[in-house]
Amino acid sequence: VEDLGDIEILCADKTGTLTENKLQLERIFAQDKDKCLLYGLLSSPYIKEEIESVRNPFDLALFRKASPEIRQYLKKVKSIGEIPFDPFRLKNSVLLDDLEGNRILIVKGAPEIILKISSGFESNFKKEEIEKEIEREGGEGKRILAVAFKKFGKNEFTEEDEKDLTLLGYFSFQDPLKKTAKEAVQLAKKLGLRIKILTGDSKEVAGKIAQEIGLIENPEKVILGETLDSFSSDDFEKTCQEFSVFSRVSPQTKYKIVDALQKKYEVGFLGEGINDAPALKIANVAIAVREGADISREVSDIILLKKDLRVVVDGIREGRNIFCNINKYIKCILASNFGNFYSIAVISLIIPFLPMLPIQILLGNLLSDFPLISIASDNVDIEELRRPKLYQLNKVIRLVMFLALVSTIFDFIFFGIFYARVQPAVLQTLWFIESILTEILLIFSIRTSGFFLKAKLPSLSLTILTFLTMLIVIFLPFTNLGKEFFHFVSPPVIPLLIVFFLLINYFIVSEIVKLIYYRYYWKTPEIKRK
């Protein structure tokens, strides 16, 4: 939970995280659409399996569009060999014999890659027209796969044989956005969390999706992995910080991006494939999905049961919320106890009786714990959640000491007023009331770094327990239980009003000290950067 709360930059893939990864075949751009669809399926390594076992969403979408005749044809074709798809090649190849006795090499993959290795076109279209159509459809957020082939006379083939192909056509797929994607990005912005998309898709597709979810305003604000790799070390780091969308990114480049960002930020990485393992290993917080590769899950800190960016962002918010409330508790309990410690240490040397009886101290600790415990459920301002570094204890210890000093000063003022004017039992009762109520009031000051009236309303449990505790503290000394068991006495009205006056002034001074502290001490480069 702490690791999640500390994340400042979250790197994630687009597919399945921002989109549904449930592809729908929108268009077949080819002279012979049936042949293009057939060859697209023939190049699939899953053609001999039942469709329910197909995990590749592209093949699944193609298979759903296939006619019964094409499906029957697939079962009769003999596959000789293949080179599977990988993120470096951005293509896969299959060598097979068709039913007419021809040996065919089919290559399917990213359109820019297939166009480079194609020397002819089985259509009336020119290369420039095809490139323009591909760019247009990519700009609409559609994912593109191209198919090319050639007749082949050998029994084996290598990557060197993937050339001089005939482009058959391409497929465009629609991958719907998740309903939660835009909300997740908006929440991340409120939290000061920067989302970066690292995808293998084309620049046009990545830019369009990022624009639709509100991550970037200009869909051209996307950088290619190969462009990024050509930069010097300093330019690489600067570009990684500047851009939010990276397309055609290889696993090695993902690793380098995460490594570069970690020099200034706490980085989380969401991945699932075997090739994501290096980036997951180096990330401050590694997040894998349940369906991911074994190695990815093994090196991850967190495994998601649901692949959704909103789940991760909600987890980051919850992590920050929890540690912000823990921090409130630590600040309040330390400031109050340090203040009382200083007071008792000095005053016990001056007065000839105990400032408070042991049983009264135990009761005070018990009563003050009720509202303090309820801080765990308190509401937190979104501004507080934007600064996770504030939760570190070493960052707030100076504030704690200042507030403790304020508490000690008001304790001295209290004893200066009442020591010579009231009986010891009355003084013990009044200080019991004063010490607990100051601790409770301090909660409502330190629960925000801004002015307390501008903060979110406290949680219902904190409000109710605070109200009940204050009633008990004020009225218990007037009851028989308080007098007989805890040795209180009913305090006179005037001294009690003086105590309330001191409490109001204590809260005002504590609030002023806190505001001055956060205004001037927290003007650090880190907060300015955020």
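Leaving aside its neighbours within four places in sequence, Lys142 is in contact (heavy atoms within 4.5 Å) with Glu26, Glu137, Ser172, Phe173, Gln174 and Val205. This is a predicted model, in which local features need pLDDT of at least 70 and side-chain atom pairs count only at pLDDT 80 or more, while totals for chains, interfaces and linings use all residues. Residues are numbered from 1 along each chain as its sequence is written, and side-chain values use heavy atoms, with hydrogens and water left out.

Lys142 belongs to the loop between helix H6 (127-139) and strand E7 (143-151). Helices (H or I, at least four residues) and strands (E, at least two) are DSSP runs, numbered from the N terminus. Is Lys142 buried or exposed? Lys142 counts as buried because its relative accessibility is 14%; buried means under 20% relative accessible area, exposed over 50%, and partly exposed in between, with a 1.4 Å probe and protein chains only. The side chains of Lys142 and Glu140 are joined by a polar contact of 3.4 Å. Such a contact is a pair of N or O atoms within 3.5 Å; within protein, one must be able to donate a hydrogen and the other to accept it, and residues adjacent in sequence count only if both atoms are side-chain atoms.

The next topic is how helices pack in pairs. Helix H15 (residues 358-373) and helix H18 (residues 424-446) pack at an angle of about 20°, with their axes 10 Å apart. H15 is therefore roughly parallel to H18. Axes are lines fitted to C-alpha atoms, for helices over the stretch in contact, and angles run from 0 to 180 degrees between N-to-C directions. Angles under 35 degrees count as roughly parallel, over 145 as roughly antiparallel, 65 to 115 as roughly perpendicular and the rest as oblique. Among the residues that meet are Leu363 and Leu367 in H15 and Phe432 and Ile436 in H18.

Helix H2 (residues 33-42) and helix H3 (residues 57-65) pack at about 140°, with axes 10 Å apart, and are therefore oblique to each other. Leu37, Gly40 and Leu41 of H2 make the contact with Asp59, Leu62, Phe63 and Lys65 of H3.

Finally, pLDDT is the predictor's confidence in each residue, from 0 to 100. The protein chain averages 87, and 95% of the residues score at least 70. Over residues 524-530 pLDDT stays under 50. Where pLDDT is low, the predicted coordinates should not be read in detail.
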